[in-house]
Amino acid sequence: MIEKLLIICVFVGIIHMIETLAYSVRLAGLKTRKLVVALSLFNIIVIVSRTANMVQAPLTGKLGDAVQSKEDLPVLLHQLQTILLAASIGTIAGALLIPSFVSIFSRMISHLEVAGSVPKMMKNIASIHTLEKAKKHVKRPRWIILSQLRIGGVPKRLLLLNLMATTIYTVGVLSTLYASTLEPTLSKSILMSSGLINGLAMITLAVFVDPQVAILTEKVMKGESTKQSMNKMVGTLVISRLCGTVCAQILLVPAALYIAWICKLIP
């Protein structure tokens, strides 16, 4: 069981690391002045996240299947909290990798333009010589950047919405899994509600958060705003995302109880 939990944590960490790095794609696009290419190329990396999610989902479900009685609930709760901790660690790892990712991803965009296709690009960058050169683009995170992050200039509403969406997305599936073990007779309806919960988080991101980031990106592209403002927004969004994974820890049990209660009310 420990090995299975470790595998789940690794996959969850990878998922949240990639989703955190997604904030920096626009930085790479601004750096190369090829934003559309950057967004398109990042979709290839997103496939890794989606694959990890497909693998970890049934493994996480198995944790709930192992609950045979109420005495097993504390063990399951501890396992789910460990998974949420992995989400926070993955987010931190993604934040630390942003400077290196922006540099390396910018080079990948250039390679894609030369190669003309993703398969040719992957073949070109897979050479030992190219991989050795990639070491030069690895950058250490500079802690001085944290001192430059101020909420001023970044809408507080945007950060709050990003925090809320991250919290819901992070805790949604795990809270429904825990709720299904609290109310075994309603387990099917509870588990089916996870899609609705995650859907609310995705709608919040798509309608309220992403457009704001896109508008600022366009302003920077047109010279109406500075790159520092974009760096500032990305940094504060990453911090709010990390806070969201921490809030998910706090809301795991209350959310599970609320979901179970709602499903009881459904006729």
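At what angle do the axes of α3 and α4 cross, and within what distance do they come? In this predicted model, the two axes cross at roughly 165° and come within 12 Å. The notes below start with that pair, move on to a second pair of helices, and finish with the pocket.

**Helices α3 and α4**

- An angle over 145° counts as roughly antiparallel, and α3 and α4 are therefore roughly antiparallel to each other.
- The crossing that α3 and α4 make is right-handed.
- On the α3 side, the contact is made by V37, A38, L41, F42, I45, T60, L63 and G64.
- On the α4 side, the residues that make the contact are L76, Q79, I83, F101, F105, M108, I109 and L112.
- Sorted by type, the residues of this contact between α3 and α4 are 13 nonpolar and three polar, with no charged ones.

**Helices α1 and α11**

- Helix α11 covers residues 227–265, and α1 packs with α11 at an angle of about 155°, their axes being 10 Å apart.
- Because of that angle, α1 and α11 are also described as roughly antiparallel to each other.
- Where α1 passes α11, the crossing is right-handed.
- From α1, the residues H16, E19 and T20 meet V238, R241 and T245 of α11.
- The residues of the contact of α1 with α11 divide into one nonpolar, three polar and two charged.

**The largest pocket**

- The largest pocket holds about 1,300 Å³ of space.
- Its lining is made up of 47 residues, and those nearest the centre of the pocket are I15, E19, R50, Y169 and M202.
- Several helices give two or more residues to this lining: α1 (2–21), α2 (25–32), α3 (35–65), α4 (73–115), α8 (156–182), α9 (187–192) and α10 (194–221).
- Helix α3 provides the largest share of the lining, with 13 residues.
- By type, the lining residues are 24 nonpolar, 17 polar and six charged.

**Linking the topics**

- E19 of α1 takes part in the contact with α11, and E19 is also among the residues that lie nearest the centre of the largest pocket.
- Helices α3 and α4 cross each other at roughly 165°, and both give two or more residues to the lining of the largest pocket.

Methods
Residues numbered from 1 in each chain as written. Predicted model: local features only at pLDDT ≥ 70, side-chain atom pairs only at ≥ 80, totals over all residues. Heavy atoms only, no water. 1 Å grid on protein atoms, 1.4 Å probe; cavity = no way out; pocket = protein on both sides within 12 Å on 5 of 7 lines; lining within 4 Å. Points joined across faces, edges and corners; volume = space filled by probe spheres on them. Helix = DSSP H or I, 4+ residues; strand = E, 2+ residues; numbered from the N terminus. Nonpolar A, V, L, I, M, F, W, Y, C, P; charged D, E, K, R; others polar. Axes fitted to C-alpha atoms, helices over the stretch in contact; angles between N-to-C directions. Parallel < 35°, antiparallel > 145°, perpendicular 65-115°, else oblique. Left-handed = near helix turned anticlockwise from the far one by under 90°. Contact = heavy atoms within 4.5 Å.
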